[in-house]
Amino acid sequence: MASYKLNINNKEYTVEAEPQTPLLWVIRDEVGLTGTKYGCGIAQCGACTVHLNGSPVRSCSLPISATASQKITTIEGISTNNEHPVQKAWLEVQAPQCGYCQSGQIMSAVALLEQKPSPTDKDIDQAMSGNICRCGTYHRIRKAIHVASKEITNGNK
């Protein structure tokens with residue numbers, strides 16, 4: 001076991017873990033932030049998406065040893081009161097059905113809108129292509145991203 005200092009949602013944590021332990025399990029089991037979900041375990045479904053230095057990554061396949069001294073943001077770190085424009089848009093258009101994949105979807109959407117505040121449908125499809133929704137709510141997810149985009153470009157970030 002090794003000791004790692006992590007910056008998760010702007011808070012410092014020190015954890016003990018094997019170097020190859022996936023970040024997902026450290027976030028959930030050691031830190032106690034359970035919004036990030038386990039989906040496939042092979043970085044294919046996107047349910048475990050978090051931000052590493054602002055970029056979306058799949059935490060189920062990212063070893064803890066690769067994350068020390070970097071800024072990690074989970075779904076809990078997006079907003080303390082669900083007031084982020086993407087979260088509000090998700091609720092407004094009722095994007096989730098079962099909801100299991102939604103934290104990963106939201107994390108990918110937030111990263112997209114930080115890079116492209118006014119994305120096209122093609123931009124959205126490309127950015128969200130690594131996130132699987134087994135319920136098939138892709139059209140509502142795209143609509144929610146457009147709603148959030150309008151709020152962000154109107155200065156309500």
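Which residue of β4 stands opposite T49? In this predicted model, the position opposite T49 is taken by R58 of β4. The pair belongs to an open sheet of 5 strands with mixed pairing, arranged in the order β2-β1-β5-β3-β4. Contacts between helices join α2 to α5, α3 to α5 and α3 to α4.

**The sheet and its edges**

- The strand order β2-β1-β5-β3-β4 describes an open sheet, and its edge strands are β2 (residues 11-17) and β4 (residues 55-58), each of which pairs on one side only.
- On average, and with direction ignored, neighbouring strands of the sheet are turned by 40 degrees against each other.

- Strands β1 and β2 run antiparallel and are paired through 7 bridges.
- Within this pairing, Y4 has V15 of β2 as its bridge partner.
- The two strands form a hairpin with 2 residues between them, and N9 in the turn has a positive phi of about 55 degrees.

- Strand β3 (residues 49-52) is joined to β4 by 4 bridges, and the two strands are antiparallel.
- T49 faces R58 of β4, while V50 has V57 of β4 as its bridge partner.
- This hairpin has 2 residues between its strands, and N53 adopts a positive phi near 55 degrees.

**Helices against the sheet**

**Packing of α2 with α5**

- Two packed helices are described by the angle between their axes and the distance between the axes.
- For helix α2 (residues 85-92) and helix α5 (residues 138-153), the axes come within 8 Å and cross at roughly 135 degrees.
- The two helices are therefore oblique to each other, and α2 passes α5 in a right-handed crossing.
- On the α2 side, the contact is made by P85, V86, K88, A89, W90 and E92; on the α5 side, it is made by I141, A144, I145, V147, A148, E151 and I152.
- By class, the residues of this contact comprise 10 nonpolar, no polar and 3 charged.

- The structure holds 5 salt bridges, one of which brings together the side chains of E151 and K88 at 2.9 Å, N to O.
- This pair links distant parts of the chain, with E151 in helix α5 and K88 in helix α2, 63 residues apart.
- Both E151 and K88 are also among the residues that make the contact of α2 with α5.

**Packing of α3 with α5**

- The axes of α3 and α5 come within 11 Å and cross at roughly 40 degrees, which makes α3 oblique to α5.
- The crossing of these two helices is right-handed.
- Residues Q102, Q105, A109, L112 and L113 of α3 make the contact with I141, I145, A148, S149 and I152 of α5.
- This contact divides into 7 nonpolar, 3 polar and no charged residues.

**Packing of α3 with α4**

- Helix α4 (residues 121-128) packs with α3 at an angle of about 130 degrees, and the axes are 10 Å apart.
- At that angle, α3 is oblique to α4, and α3 passes α4 in a right-handed crossing.
- In this contact, Q105, S108, A109 and L112 of α3 meet D123, I124, A127 and M128 of α4.
- The classes of the contact residues are 5 nonpolar, 2 polar and 1 charged.
- Q105, A109 and L112 of α3 take part in the contact with α4 and also in the contact with α5.

Terms used:
Residues are numbered from 1 along each chain as its sequence is written. This is a predicted model: local features need pLDDT of at least 70, side-chain atom pairs count only at pLDDT 80 or more; totals for chains, interfaces and linings use all residues. Side-chain values use heavy atoms; hydrogens and water are left out. Two strands pair if DSSP finds at least two bridges between them. Axes are lines fitted to C-alpha atoms, for helices over the stretch in contact, and angles run from 0 to 180 degrees between N-to-C directions. Angles under 35 degrees count as roughly parallel, over 145 as roughly antiparallel, 65 to 115 as roughly perpendicular and the rest as oblique. A crossing is left-handed if the near helix is turned anticlockwise from the far one by less than a right angle, and right-handed if clockwise. Contact means heavy atoms within 4.5 Å. Ala, Val, Leu, Ile, Met, Phe, Trp, Tyr, Cys and Pro count as nonpolar, Asp, Glu, Lys and Arg as charged, and the others, Gly among them, as polar. A salt bridge is a side-chain nitrogen of Lys or Arg within 4 Å of a carboxyl oxygen of Asp or Glu.
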